[in-house]
Amino acid sequence: MKQFRQTFRAMGTEHEIELAAPDMEVARRAAAAAIADVRRIEAKYSRYRDDSVTARINAAAGGTPVAVDTETAALLRYADQCHALSGGLFDITSGVLRRVWDFKRDPPVLPAADEIAATVALVGWADVEWSAKSVRLPRAGMEIDFGGIGKEYAADRVATICLERGLRHGLVNLGGDVRAIGPQADGSPWRVGIRHPRREQAAVAGFDLATGALATSGDYERYFEVAGRRYCHILNPRTGMPVTHWQSISVVSPLCVVAGSCATIAMLLEADAPAFLDTQGVQWLGVAADGTLRGPAGDA
Amino acid sequence: MAATDGQRKRRQRGPRVPGAASRPRRADAAPAGALLAAALALPGVMPSAAHAQSAPDKGIVELQYLNYRDWQPGRDRMQVHAPAFYALVPLNDTTVIEGGMVYDHMSGASPLYFNVLSGATIGDYRTAGDLKVTKYYPELGYAVSLGGFVSSEQDFLSRGGSVTVQVYSEDRNRSWSLGFSGTNDRIDSSNGVAVDQSRNSLEFLVGVTQALSANSIVQSNLTYYTGHGYYSDPYKTLDTRPTARQIWAWLTRLNQYFPGPDATLKLGYRFLSDSFGSTSNMFEVAWVQALPWGFTVTPGLRYATQSAADFYMNPPFPKGYKEGQDYSADTRLAAWGAITAGVIVGKTLWDDWAIALRADYYRQDPDWRLGGSGSPGIKTFSARWLQVDLTKSF
């Protein structure tokens, strides 16, 4: 078995693919195909590119429907199910709230209540007209954003590409969303640490992953503090306000896209998160606002 | 599945009151594991064939070479060399075209002469081709295929067409197939026995494929064949068969994947009832084992057993022949059992190339018939296949 490892940058963050294979060339080619697919997804769904599907849909908000292909329709459908299962809290139209919540601004400024209310009026997946063929955002100024799904979806596709090429050992890490292609070369699981929400280079816990995925959603990714209070980038689409109940939630699921959306939904559900995660049948670990660790019902 | 997407348009939920929204429906009332089930509908997140409801996004080109040889104790009979070509090309997101060509060259004693024969040898060739276009309607949950084929030999021409409709369930775990095909055959034997003869047949298929879990899938097909025309063998003396034929066939297969050993168990059973009077049962088992370095090894075993056709007469020829009655001494219509043992070794190569080598050995013996004695007086019959497939996907 030979070890192959490649880091690359896409979707605004660092990624890594680690593979073990008897034939280095097979691993190298699989990684190249996988990276090409990540870049394809980035180009297709990035909201920063004028020629992306996302940009076209957003540019037509309030206007005519935009035709979508089967992949985009499948992602919309998945986003719709996340929306339904989260009671409307997971909403791919909530990205407009970034207009009032600028986490890069220095010094930070809290948005005014009327500003937030005006922006919240542009959020509403339930009003979006969509089908397997087209999508239309009903109000000018509305936006959709696949940021909450795209990276995790890409991680699952990387795993599929590697598996279909006969690889059985590997790990893909797309900016902290991790999917195992299979166990390590010696058959042992990967030890995947969970970042401490308050100390960047420390781990708060770890999971053993031979197959499946681990994703974490946390209040430390983008945030600012005003008057000693933290305001993070995970925003409730109804109130337009940041969530506060958890520092982070990590979820283990067979698919990265499920782990990622479960973690995000759990952050948004705040106190209702444990009940939701337990019905989804996933393993999870939460770091509560006071720093204590929580896990599935029945776990110590 | 997507059939309901249209209904999702313009759902109204009343005016939105920022910051004062009512409490959401309790999310923990969601069905268990619903997100995972939903995510499995995303393309390419699992390397699973169980969810093949949309058009393949990859094309395939395959080159194949088959070498076949059969023999009976003390004599070689026939040899076939058959190079073949197959291609599947997605034309767009929802349309796939596929087609194949095969060229057979047969030499040696024809199986048509089985047992009763002049000892003449033949050198014959056959060219055949088929073409099929499949259109997928993923949003409506079905796919339609239209196909045509033609096969041509010196003394035989066969042409036909088919229509297949596949309907997928909402969750894509089940699909139904309805198929219909028609065939016209023309027979003009080189010995002048069959002159401008023809045969027309129709075949109907109804099938269901059900994913039992993420790792197992079961398929069951029922086919009915009905035809009329010339069924006799013009190269056999006194061979006279009925001019109408009906066949019922029921085939069930199960594929079970085992993640531990990374292997798939394939089981199959076929029951067939032929209006010629014979019934047959076939059982097959294969184990597809993935190995390191991109190798797969698939050992397989098949057992078939059949009763004789009503008009099959045991040797010696022409015992039992009566003028004006159906009669055949073709041992393919006799009662026997047969075992096929084979192995396929596959290997993925670079750049989406793959190679597979296949070897099968077949032996047919009257003593191997299940639940009854085989036809007396016929010799065992053996055959072997050697096949190489070279596949490139793109």
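Let me begin with a definition: a helix axis here is a line fitted to C-alpha atoms over the stretch in contact, and angles between N-to-C directions run from 0 to 180 degrees. The model I am presenting is a predicted one.

With that definition, consider two helices of chain A, α1 (residues 24-45) and α5 (residues 150-164). Their axes come within 9 Å and cross at roughly 155 degrees. Angles over 145 degrees count as roughly antiparallel, and α1(A) and α5(A) are therefore roughly antiparallel to each other. The crossing of α1(A) past α5(A) is right-handed.

Which residues meet there? On the α1(A) side they include Ala30(A), Ala33(A), Asp37(A) and Ile41(A), and on the α5(A) side they include Tyr153(A), Arg157(A) and Ile161(A). By class, this contact has 10 nonpolar, 1 polar and 3 charged residues.

I turn now to the domains. Chain A is assigned a domain 1, covering 2-45 + 151-294, and a domain 2, covering 56-144. The centres of domain 1 and domain 2 of chain A, taken over C-alpha atoms, are separated by 23 Å. To their contact, domain 1 of chain A gives 30 residues and domain 2 of chain A gives 24 residues. About 2,300 Å² is buried between these two domains of chain A, with carbon and sulfur atoms giving 70% of that area.

Finally, some points of backbone geometry. In chain A, the peptide bond from Asp106(A) to Pro107(A) is cis, and Pro107(A) is found in the loop between α3 (70-85) and α4 (113-120). In chain B, Pro315(B) and Pro316(B) are joined by a cis peptide bond with omega about 5 degrees. Pro316(B) lies in the loop between β13 (295-306) and β14 (336-348) of chain B.

Note on methods: Residues are numbered from 1 along each chain as its sequence is written. Chains are lettered from A and ligands numbered from 1 in the order in which they are written. This is a predicted model: local features need pLDDT of at least 70, side-chain atom pairs count only at pLDDT 80 or more; totals for chains, interfaces and linings use all residues. Side-chain values use heavy atoms; hydrogens and water are left out. Helices (H or I, at least four residues) and strands (E, at least two) are DSSP runs, numbered from the N terminus. Angles under 35 degrees count as roughly parallel, over 145 as roughly antiparallel, 65 to 115 as roughly perpendicular and the rest as oblique. A crossing is left-handed if the near helix is turned anticlockwise from the far one by less than a right angle, and right-handed if clockwise. Contact means heavy atoms within 4.5 Å. Ala, Val, Leu, Ile, Met, Phe, Trp, Tyr, Cys and Pro count as nonpolar, Asp, Glu, Lys and Arg as charged, and the others, Gly among them, as polar. Domain bounds come from an automatic or database domain assignment. Buried area is the accessible area (1.4 Å probe) that two parts lose on being put together, summed over both.
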